[in-house]
Amino acid sequence: MEELTTLLHRAYADHAAAGRVFFASYQSVQDTAHRLGAGECWVACRGTELVGSVTVAAPYTMPTGYPVPAGAGSFWQLAVDPTYRGTGLGQRLLALAEERVAGLGARTVIIDTSADAVELVGWYRRRGYVPVGTWRWDVTNYQSVVLLKDLAEVGRER
């Protein structure tokens, strides 16, 4: 848990430096364990070094009022060590998350991220995610854009 928490802090440090305080940029080891307990945690390693991670669940229960269709799956804290950015690891973790959500029976995947993280929102949009609403978490300092993807095309895209 300590190593994963450290990876999350490193992976989200750029957002925090830009003033977007993602929960993953400061969460405790106990928070990491709690969040992993809500789904399947997948990790990417290079040798013995942890270099990426994503947690998935389907169906996933969101708070009342969150703009999500019934039965949707989700993933969270997709993280890539900064030294491995640009290697395609994020894309592979995203593909894994989508495949697992679909494999768990969900027809759609719903996620959210800072509306101010324009490059990140664009990255998801280029991969088929569409904005469906906004949300404000009490553990962040920003408004989130909620993004949805129909998983019917997952598998045919590759």
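The protein carries 15 positive and 16 negative side chains, and the centres of these two sets lie 5 Å apart. This is a predicted model. It exposes about 8100 Å². Carbon and sulfur atoms supply 53% of that area.

Consider the overall form next. The protein has 158 residues, and a compact globule of that length would have a radius of gyration near 15 Å. The protein has 15 Å, so it agrees with the globule rule. Along the principal axes, the C-alpha trace spans about 35 × 35 × 30 Å. Of the 158 residues, 44% count as buried. Among contacts with a separation of 6 or more, 64% join residues 24 or more positions apart.

Now the elements. The protein has four helices and six strands. Read from the N terminus, their order is α-α-β-β-β-α-β-α-β-β.

Where does the largest nonpolar core draw its residues from? This core has 24 residues. Phe 75, Leu 78, Tyr 124 and Tyr 129 have the most contacts inside it. Six elements are listed as giving two or more residues to this core: strand E2 (49-57), strand E3 (74-80), helix H3 (89-103), strand E4 (108-114), helix H4 (118-126) and strand E6 (144-150). Helix H3 provides the largest share, five residues. A second, separate core has eleven residues, including Tyr 12, Phe 22, Leu 50 and Tyr 142.

Beyond its neighbours within four places in sequence, Leu 78 is in contact with Tyr 12, Ser 53, Val 54, Gly 90, Leu 93, Leu 94 and Tyr 124. One of these partners, Tyr 124, is also among the residues with the most contacts inside the largest core.

Helix H1 comes next. Leu 7 sits in this helix, which covers residues 2-17. Is Leu 7 buried or exposed? Leu 7 is buried, because its relative accessibility is 0%, and the cut-off for buried is under 20%. Leaving aside neighbours within four places in sequence, Leu 7 is in contact with Leu 50, Val 51, Gly 52, Ser 53, Val 80 and Asp 81. Leu 7 and Ser 25 are 18 residues apart in sequence, and their C-alpha atoms are 9.4 Å apart in space.

Leu 8 is also in helix H1. Its relative accessibility is 2%, so Leu 8 counts as buried. What does Leu 8 touch, not counting residues up to four places away in sequence? Its partners are Ala 24, Gln 27, Thr 32, Gln 77 and Ala 79. Leu 8 and Phe 22 are 14 residues apart in sequence and 9.9 Å apart in space, C-alpha to C-alpha.

Glu 3 lies in helix H1 too. Its relative accessibility is 48%, so Glu 3 counts as partly exposed. Not counting residues up to four places away in sequence, Glu 3 touches Thr 48, Glu 49 and Leu 50. Glu 3 and Glu 49 are 46 residues apart in sequence, yet 9.3 Å apart in space from C-alpha to C-alpha.

Turn to strand E2. Thr 55 lies in this strand. With a relative accessible area of 2%, Thr 55 is buried. Setting aside neighbours within four places in sequence, Thr 55 is in contact with Arg 35, Leu 36, Gly 39, Glu 40, Cys 41, Ser 74, Phe 75 and Trp 76. Of these, Phe 75 is also among the residues with the most contacts inside the largest core.

Two backbone details remain. Which peptide bond is cis, with omega near -15°? It is the bond from Ala 58 to Pro 59. Pro 59 is in the loop between E2 and E3. The other detail concerns Gln 77, in strand E3. Gln 77 is not a glycine, yet has a positive phi of about 50°. Gln 77 counts as buried, because its relative accessibility is 9%. Gln 77 is also one of the residues that Leu 8 touches.

Notes: Residues numbered from 1 in each chain as written. Predicted model: local features only at pLDDT ≥ 70, side-chain atom pairs only at ≥ 80, totals over all residues. Heavy atoms only, no water. Buried < 20%, exposed > 50% of the residue type's maximum accessible area, 1.4 Å probe, protein only. Contact = heavy atoms within 4.5 Å. Rg over C-alpha atoms; globule rule 2.2 N^0.38 Å. Areas by Shrake-Rupley, 256 points an atom, 1.4 Å probe, with all protein chains shown as cover. Lys, Arg positive; Asp, Glu negative; His and termini not counted. Charge placed at Lys NZ, Arg CZ, Asp CG, Glu CD. Core = buried A, V, L, I, M, F, W, Y, C linked by side-chain atoms within 4.5 Å.
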